[in-house]
Amino acid sequence: MLQINTRTTLLQPEADTQPIAVSAEVSPSSWPNLHAADTHVVSATSHNIRRLTVLRLLRNPSVAAGGALLSLIIIAAALAPFLYPGDPLSMVARPLLWPGQNAAFPFGTDSLGRDVAAGLFHGARVSLLIGVVATSIGVSVGILVGATAGYRGGWIDDVLVRVIELFQTVPSFILLVVLVAIAQPSILTVTWAIGLVTWPTIARLVRAEFRVLREKDFVMAARSLGFGHGRIVIREILPNALPAIIVTASVMVATAILMEAALSFLGLGDPNVVSWGSMIGSGRELIRTAWYLTALPGVVIVLTVLALNLIGDGLTDVLNPRTGVER
Amino acid sequence: MTLLSVSDLTTTYTSGRSAVHAVDGVSLEIARGETIGLVGESGCGKSTLGKTILRLVEPSGGRILFDGEDLTALSEAALRSRRKRLQMVFQDPFASLNPRQTIGEILSAPLAVHGVKSRAERQRRVDDILARVGLPPDSARRYPHEFSGGQRQRIGIARALILEPDLIICDEPVSALDLSVQAQILNLLAELKQSLNLSLLFISHDLSVVRYLSDRVLVMYLGRIVESGSHTQIWHRPLHPYTKALIDAVPDPTRRRYAAPLPGDLPDPRSVGGGCRFAPRCPIATEICRTQDPALRAAAAGHHVACHHAEPALVS
């Protein structure tokens with residue numbers, strides 16, 4: 001109460017005259033309130049929000065561990081053509097060499113005499129490629145659908161939500177198998193199929209984010225400034241939805257890699273390339289006698305998925321607004 | 001010279017089957033260079049009125065004539081090009097700035113959208129406006145979270161000013177700020193208004209704030225204007241019992257008595273009966289108030305009131 005009184009007196013030089021008499025042509029610099037305490041105090045150290053986020057990411061133990069692990073796998077994928085220049089599917093040695101039996105084949109050979117190490121290195125290329133590209137497709141489609149639904153609302157939203165639900169009610173792996181079976185299995189079709197079964201996750205998320213964000217004052221401000229819808233969606237809303245999308249996308253890469261492995265295990269992968277899933281599939285019959293044929297690619301898949309999930313967890317900690325980190 | 005003329009404006013929010021008339025037949029005029037204060041308690045529809053005038057919320061009836069052109073009749077694309085002349089300052093300076101853009105981006109984007117092609121020109125105008133609202137020049141490179149509430153509201157004002165509008169609607173621009181900062185922002189608005197010949201529609205629930213800035217005052221209750229008049233008329237000869245109650249509620253150190261509080265809250269706007277909307281809380285309500293809705297009528301030159309019992313006050 002006391003404070004309000006102070007202000008009331010402070011604000012009223014003279015009751016009922018024109019509020020304040022400002023002489024004509026006041027230059028901003030001569031105006032005393034421009035030197036009010038509030039105007040010039042800006043935090044001394046300018047901390048760039050992006051650099052700060054990157055720093056916080058690197059300091060996060062999950063991201064650091066996951067990132068290190070993933071880097072190893074990426075390096076392996078990059079080195080594959082140099083370490084194992086030949087076709088990893090060609091027979092190079094006596095079948096069923098155990099790991100360590102022959103120094104030239106550190107991880108042994110499979111029942112047809114193919115080098116397991118070459119398969120693992122080349123398989124990394126396929127897995128990462130499909131994981132990343134399929135996720136990009138899923139994320140793009142998901143953002144497009146989710147943003148349209150969340151931003152436009154109304155009957156468009158209703159229709160798109162029904163479509164999303166349609167995709168989500170069908171078990172995604174069954175749908176994936178059907179899609180790949182219809183289109184001949186190849187890296188291209190498998191990638192597209194995985195992208196097409198994973199987009200609803202992103203679409204739901206983006207729709208929810210857009211529904212919240214479009215009501216924010218800064219979006220209202222953008223409208224009042226005469227911005228077009230495209231600009232509002234891309235420049236104003238999407239950047240604020242991005243942290244949630246990135247977190248989900250990192251886990252989606254892992255899911256896509258698992259899906260590809262499962263497809264290949266069932267023999268529905270691209271027959272012309274080696275993949276971790278197909279290695280497990282072909283080693284399956286020998287699991288009693290040569291268990292390393294299934295265990296080694298299995299371990300690699302586990303490590304890759306673990307790395308991506310660790311990164312996803314870390315990203316959630318750092319980027320997710322609900323943990324209370326200022327954005 | 002009338003810049004903005006709103007007649008019989010109605011805004012309806014529908015949720016499910018029920019409809020709320022948040023703004024119910026409001027008419028007002030703002031002249032060039034004039035400041036109109038719009039007061040009323042929370043939930044009375046004053047923010048909605050401001051947003052409806054800018055068509056940020058679509059009106060369900062009435063006309064908005066801005067500089068002779070009916071804004072309600074414009075297509076979305078046509079409206080977009082007119083928007084540079086009507087701007088808004090928002091209540092919450094924390095929510096109204098995009099946290100992912102630098103101040104420079106926030107301030108130069110409107111220029112880019114409205115056809116300022118040259119980057120150097122945009123940069124110059126951003127620097128100008130920052131100086132004008134009293135922010136250091138290096139603010140342009142910083143993000144909103146690096147600023148205090150008062151500074152952010154200065155940025156909000158700068159954003160509203162950068163397109164050189166004729167009318168700014170200030171939606172409770174100081175209610176989220178500390179008291180000392182409020183005074184600075186109000187002084188800034190007063191100075192800008194004078195030097196740029198702006199028209200302001202100043203929305204607030206705080207009479208002392210409105211009193212400081214406004215030439216004329218509109219008092220709003222439950223979607224309607226219940227009294228309008230000049231600064232002096234409203235302040236010294238309030239006619240409507242609601243206005244009187246609002247003025248009595250302003251703390252005054254010279255006054256020894258307590259202000260008699262208005263009984264009750266705003267009624268649910270969905271269940272407005274046939275009579276005067278203020279009748280359930282009105283100290284002088286009679287039978288006629290409960291059955292007949294009073295229309296806004298002239299009580300003196302430029303002074304309008306919607307009350308059946310306004311006359312006695314006029315005589316005395």
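Start by selecting helix H5 of chain B, which is mostly covered: 13 of its 13 residues are buried. Buried here means under 20% relative accessible area, exposed over 50%, and partly exposed in between, with a 1.4 Å probe and protein chains only. The helix covers residues 149–161 and reaches 18 Å from its first C-alpha to its last, close to the 18 Å expected at 1.5 Å a residue. That expected span is 1.5 Å times one less than the number of residues. Helices (H or I, at least four residues) and strands (E, at least two) are DSSP runs, numbered from the N terminus.

This is a predicted model, in which local features need pLDDT of at least 70 and side-chain atom pairs count only at pLDDT 80 or more, while totals for chains, interfaces and linings use all residues. Residues are numbered from 1 along each chain as its sequence is written, chains are lettered from A and ligands numbered from 1 in the order in which they are written, and side-chain values use heavy atoms, with hydrogens and water left out.

Next, select the nonpolar core. The largest one has 80 residues, and those with the most contacts inside it include A:Phe210, A:Ile245, B:Ile157 and B:Leu161. Helix H10 of chain A (residues 229–265) gives the most to this core, with eight residues. Another core lies apart from it and has 32 residues, among them B:Ile30, B:Leu71, B:Phe90 and B:Leu201. A nonpolar core is a set of buried Ala, Val, Leu, Ile, Met, Phe, Trp, Tyr and Cys residues joined through side-chain atoms within 4.5 Å.

Centre on A:Ile245. Not counting residues up to four places away in sequence, A:Ile245 touches A:Val139, A:Ile143, A:Ile202, A:Leu205, A:Val206 and A:Leu238. Contact means heavy atoms within 4.5 Å.

Move to A:Asp115, in the loop between helix H4 (61–83) and helix H5 (116–152) of chain A. A:Asp115 is buried yet has no salt bridge; the nearest side chain of opposite charge, A:Arg114, is 10.0 Å away. A salt bridge is a side-chain nitrogen of Lys or Arg within 4 Å of a carboxyl oxygen of Asp or Glu. For charge, Lys and Arg count as positive and Asp and Glu as negative; His and the chain ends are not counted. A polar atom of the A:Asp115 side chain lies 3.0 Å from the backbone nitrogen of A:Ala117. Leaving aside neighbours within four places in sequence, A:Asp115 is in contact with A:Tyr84, A:Val92, A:Phe105, A:Gly108 and A:Thr109.

In chain B, pick B:Arg124, which is partly exposed at 42% relative accessibility. Its side chain meets that of B:Glu121 in a salt bridge (3.3 Å, N to O), and that of B:Asp128 in a salt bridge (3.1 Å, N to O). B:Arg124 and B:Glu121 lie three residues apart in helix H4 (residues 119–132) of chain B, about one turn.

Then select B:Glu164 and B:Arg125, whose side chains meet in a salt bridge (3.7 Å, N to O). The pair links distant parts of the chain, 39 residues apart: B:Glu164 is in the loop between H5 and strand S7 (167–171), and B:Arg125 is in helix H4 of chain B. B:Glu164 is exposed at 59% relative accessibility, whereas B:Arg125 is buried at 17%.

Finish at B:Asp24, B:Arg224, B:Arg277 and B:Asp293, which are linked in a network of salt bridges.

Note on methods:
Polar contact = N/O pair within 3.5 Å; in protein donor to acceptor, adjacent residues only side chain to side chain.
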